Amino acid sequence: MESWKLKLKGNWNDVKGKVKKAYANLTDDDLLYEEGKDDELLGRIQKKVGKTKEEVKSWIESL
């Protein structure tokens, strides 16, 4: 499993807080994490922050 997915599953509340701090325009609905819908979450974040999926994955891994 990819490390960014492990990060989501392990400490989502911590990661979510850091993401919201960095990008205040993301809403709770944008950051709704559901098991098995990792790519949907990634897509919502990608649209709001204007980065590629790879950039978002790398950024989440670095948190």
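This briefing covers the salt bridges and aromatic pairs of the structure above.

The model is predicted, so local features need pLDDT of at least 70 and side-chain atom pairs count only at pLDDT 80 or more, while totals for chains, interfaces and linings use all residues. Residues are numbered from 1 along each chain as its sequence is written, and side-chain values use heavy atoms, with hydrogens and water left out. The whole structure holds 7 salt bridges and 2 aromatic pairs.

**Terms**

- A salt bridge is a side-chain nitrogen of Lys or Arg within 4 Å of a carboxyl oxygen of Asp or Glu.
- Helices (H or I, at least four residues) and strands (E, at least two) are DSSP runs, numbered from the N terminus.
- Buried means under 20% relative accessible area, exposed means over 50%, and partly exposed lies in between (1.4 Å probe, protein chains only).
- Rings of Phe, Tyr and Trp (its six-membered ring) pair if their centres lie within 6.5 Å; planes under 30 degrees apart count as stacked, over 60 as edge-to-face and the rest as tilted.

**Salt bridges around Asp28**

- Side chains of opposite charge can pair when their charged atoms come close.
- Asp28 meets Lys16 in a salt bridge, at 3.7 Å from N to O.
- This pair links distant parts of the chain: Lys16 sits in helix H1 (3-22), and Asp28 in the loop between helix H1 and helix H2 (38-49), 12 residues apart.
- Asp28 also forms a salt bridge with Lys20, with the closest N and O atoms 2.8 Å apart.
- Asp28 is partly exposed, at a relative accessible area of 43%.
- Lys20 is partly exposed too, at 31%.

**Other salt bridges**

- Glu34 and Lys37 form a salt bridge, their closest N and O atoms being 3.7 Å apart.
- Both partners are partly exposed: Lys37 has 35% relative accessibility, and Glu34 has a relative accessible area of 36%.

**Aromatic pairs**

- Trp12 and Tyr33 form a tilted pair, 5.8 Å centre to centre with 40° between the planes.
- Trp12 lies in helix H1 and Tyr33 in the loop between H1 and H2, so the pair ties together parts that are 21 residues apart in sequence.
- Trp12 is buried at 11% relative accessible area, and Tyr33 is buried at 17%.
- Tyr23 and Trp59 form an edge-to-face pair, because their planes stand at 80°; the ring centres are 5.2 Å apart.
- Tyr23 is in the loop between H1 and H2, and Trp59 is in helix H3 (residues 53-62), so this pair links distant parts of the chain, 36 residues apart.
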